[in-house]
Amino acid sequence: MAEITIQDIIKPENLVYKKTRLMTDKTLSYCPGCGHGTTHRLIMEVIEELGKEHDTIGVAPVGCSVLAYEFMNVDMQEAAHGRAPAVATGIKRLWPDKVVFTYQGDGDLAAIGTGETIHTCNRGENIVIIFINNGIYGMTGGQMAPTTLPGMRTSTSPYGRDVEMMGNPLKITELVAQLPGTYYVTRQAVHTPSAVRKAKRAIRKAFENQLNKKPGLSFVEVVSNCNSGWKMTPVDANNWMEENMFPYYNLGDIKVDGKLV
Amino acid sequence: MGELRLMKGNEALAEAAIRAGVDGYFGYPITPQSEVIEYLMAEKPYERTGMVVLQAESEVASINMLYGAGATGKKVMTSSSSPGISLMQEGISYIAGAEIPVVLVNVVRGGPGLGDIQPAQSDYFQTTKGGGHGDYRLIALAPSSVQEMSDFVPLAFELAFKYRNPAMIVSDGAIGQMMEKVELFDPIPRLTDEEIREKYRWATNGKLEDGTRRVITSLDLDPHRLEEHNLKLQAKYKEIEEKEVRYETILCDDAEYVIVAYGLSARISQKSIMLLREKGYKVGLLRPITIWPFPKKKISEMVDEGVKGFLSVEMSAGQMVEDVKLAVNGRVKVEHFGRFGGVIHSPEEVAAAFEQKIIGG
């Protein structure tokens, strides 16, 4: 039997997967093991597969993904902290046939931008919101987020989140699912191959809803780790996420085709 | 001659927005300018021209809707009054930094804080000196009549798009609320989506045919590149200062003294200079139409030509007077007079203040 070389393997006819051209070649600014990069890729793959490269405008937040516009190879706008849904509303109202999405973290979407989140969902804007929830402020160095779990240590809750003082973690995804303006609300993860496949199906469904002008907003939460903020190895962070985050933030669809699951 | 109507300033501005071919208006109600969005909602501009009108959940949301929509190359505007404009400052800074051509309207009311709902000119500093964070400028037009509330809408858009810079119409509660005859201009058609994509290649409305993508941002973490960006902005502001100063002079040819006043204060001061001329003082009126760029060169020339003193008349505790002083640079006397907190000065009060502060002092 002839020996198989790397040259045989990389022949075009053997290609089974490649990086979407809608991700730039710029090196990601995310920590190794973080879910942002995977989620970026899934969104861009979906837009490429739907053939909407020339019709998409993305809105980046403030947070770890503040530079998302350097990696996502479509027209992009950088919003002020928390204001991405308002920015997206302005774009979509004037270009109703374009594909518009926001990409936001938990501090952006569920703390400083709560008002914009609720009202954009309530108006049923025909956009997609991708919400990365890692329970911490990663970019500013690991402070407490609205989604930080009870007892979880961060640099601004060094003895663990005290719910007596700070309230309980905000399940904003369940909250927006209650609004008639949301059409599809789901919570996913990207830490295993099977979770990635499910998350991609959810993201695709969200964008298809927008393209098909389904009545309402599609909202995809991705529960992610923050290994540097949580001060764990990537593997430990994923295990910790499964053991602690998922019991509080249950994965799966919350609202499908305008109906609560 | 265009169509004549008797209208409130706020209504004239709203009608002008539809006629100017504005694509979108985003706003939040606040006295004394709520007639703008009320008029637009009642007029159904989406049926007349296709213009989008949306009531936002806050001024913070409306300025960010404007930021998003403006970045796509569409003509968009918002309006508010002082406390609402304060809330918008973060967004205005982003819009200026990212060079988005939008039109903002401030129907100024008394402050600070919640203040009152009566006319004031106490947002001069906020408008002309920054307001939000960072080194930026707004092109600021100050109407002194209902007619100008209409006329300045297309002018503001023309300047905003010419320089890719936010422009603000700075009015006050009286100009917004009072009714006057207004001659409406003929409608200007909205650009089509294709025309916008062709004309504004910088705008984020989907990648260009050749695959070029556009990014609208005010962020650059490299300080040297951000300094370069700031230098570019400063060069633009310098060009605007050289080319876009607008003002009106009344009885200034033989004037020994000049009252400097904009907006409603200029209307009042027209009467004051007549009262003073009856008393034998050769007083003229300089009305800045652009409060930024400010007519500082004109004021300096007036000093060269022999003007012996200036009275800055404003419905504020003395804000524009600082720009008059900078232009005069200590060569002749400059004083301020104005009522504020929502109180409007009378022509007689202005005339008396002139005699006391400029002649008597």
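This is a predicted model: local features need pLDDT of at least 70, side-chain atom pairs count only at pLDDT 80 or more; totals for chains, interfaces and linings use all residues.
Local features need pLDDT of at least 70, side-chain atom pairs count only at pLDDT 80 or more, and totals for chains, interfaces and linings use all residues. Residues are numbered from 1 along each chain as its sequence is written, and chains are lettered from A in the order in which they are written.

**View 1. Overall build of chain B.** Chain B holds 15 helices and 15 strands (DSSP runs: H or I of at least four residues, E of at least two, numbered from the N terminus). Its C-alpha trace spans about 70 × 50 × 40 Å along the principal axes. Of its 361 residues, 54% are buried (20 or more other C-beta atoms, placed from the backbone, within 10 Å of the residue's own).

**View 2. The largest nonpolar core.** This core has 182 residues (buried Ala, Val, Leu, Ile, Met, Phe, Trp, Tyr and Cys joined through C-beta atoms within 7 Å). Helix α8 of chain B (residues 146–163) gives the largest share, nine residues. The core lies between domain 1 (3–193) and domain 2 (247–360) of chain B because both give residues to it; domain bounds come from an automatic or database domain assignment.

**View 3. Around B:Ala17.** B:Ala17 is among the residues with the most contacts inside the core. Beyond four places in sequence, B:Ala17 contacts B:Val22, B:Tyr25, B:Met77 and B:Val153 (C-beta atoms, placed from the backbone, within 7 Å).

**View 4. The loop at B:Pro119.** B:Pro119 sits in the loop between β5 (103–108) and α7 (124–128) of chain B. B:Pro119 counts as buried because it has 25 C-beta neighbours inside 10 Å.

Technical notes
A residue is buried if 20 or more other C-beta atoms lie within 10 Å of its own, exposed if 12 or fewer, and partly exposed in between; C-beta atoms are placed from the backbone. Two residues are in contact if their C-beta atoms, placed from the backbone, lie within 7 Å.
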